[in-house]
Amino acid sequence: IRSGERPVVVEYDGVLWRYERSALSSLAELEVDDAVVLSAHYEQFETAGLGPMKPGDVGQVLEHNGSGEFRVMFDNEDWWYPRGALRVLGQEDPQDTPAPDSSLASA
């Protein structure tokens, strides 16, 4: 986090995440038909590792459920992945969803 910049803290699935405000503007929202890969931090999301995609696989977004999960098709199988487990193909991972900040333990 840049000196003097207040971070944005978001709770998702019981984990607190800290974002730089400037990084939030570069997060691409996923849309139906987007080509996606697993993010560098996909293992932080319990259900993501159970899906058919593995690092490097390219899936296609089929739908969004309105609460941060995306149904993705890969190899004739579909799976619901949380937003933080995915990134748009070609988007740089350093600007993607940061790893959970362990210094923000829930009380």
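**Entry 1: Asp57 and Lys54**

I started with Asp57: a polar atom of its side chain lies 2.8 Å from the backbone nitrogen of Lys54. This is a predicted model, in which local features need pLDDT of at least 70 and side-chain atom pairs count only at pLDDT 80 or more, while totals for chains, interfaces and linings use all residues. Residues are numbered from 1 along each chain as its sequence is written, and side-chain values use heavy atoms, with hydrogens and water left out.

I then asked where Asp57 lies. I found Asp57 in the loop between strand 3 (35-38) and strand 4 (59-64). Strands are DSSP runs (E, at least two residues), numbered from the N terminus.

Asp57 is buried yet has no salt bridge. Buried means under 20% relative accessible area, exposed means over 50%, and partly exposed is in between (1.4 Å probe, protein chains only). A salt bridge needs a side-chain nitrogen of Lys or Arg within 4 Å of a carboxyl oxygen of Asp or Glu. For charge, Lys and Arg count as positive and Asp and Glu as negative; His and the chain ends are not counted.

Not counting residues up to four places away in sequence, I listed Val36, Val37, Pro52 and Phe74 as touching Asp57. Contact here means heavy atoms within 4.5 Å.

**Entry 2: the salt bridges**

How many salt bridges does the structure hold? I noted two. Arg71 pairs with Glu63, their closest N and O atoms being 2.8 Å apart. Arg71 also meets Asp78 in a salt bridge, at 3.5 Å from N to O. Together, Glu63, Arg71 and Asp78 are linked in a network.

Arg71 counts as partly exposed because its relative accessibility is 22%. Glu63 is also partly exposed, at 31%, and Asp78 is partly exposed, at 36%.

Phe70, Val72 and Phe74 make up the covered face, and Glu69, Arg71 and Met73 the uncovered one. In a regular strand the side chains alternate between the two faces of the sheet.

Strand 4 and strand 5 run antiparallel, joined by four bridges; two strands pair if DSSP finds at least two bridges between them. His64 has Phe70 as its bridge partner in strand 5. These two strands form a hairpin with four residues between them, and Gly66 in the turn has a positive phi of about 85 degrees.

On to strand 6 (residues 77-82): strand 5 pairs with it in the antiparallel sense over six bridges. Met73 stands opposite Asp78 in strand 6. The hairpin of strand 5 and strand 6 has two residues between the strands, and Asp75 takes a positive phi near 55 degrees there.

**Entry 3: the core and Tyr81**

Which residues touch the most other members of the largest nonpolar core? Of its 16 residues, I wrote down Val72, Tyr81 and Leu86. A nonpolar core is a set of buried Ala, Val, Leu, Ile, Met, Phe, Trp, Tyr and Cys residues joined through side-chain atoms within 4.5 Å.

Leaving out residues up to four places away in sequence, Tyr81 touches several residues, including Leu38, Pro52, Phe70, Val72 and Leu86.

Note on methods. A polar contact is a pair of N or O atoms within 3.5 Å; within protein, one must be able to donate a hydrogen and the other to accept it, and residues adjacent in sequence count only if both atoms are side-chain atoms.
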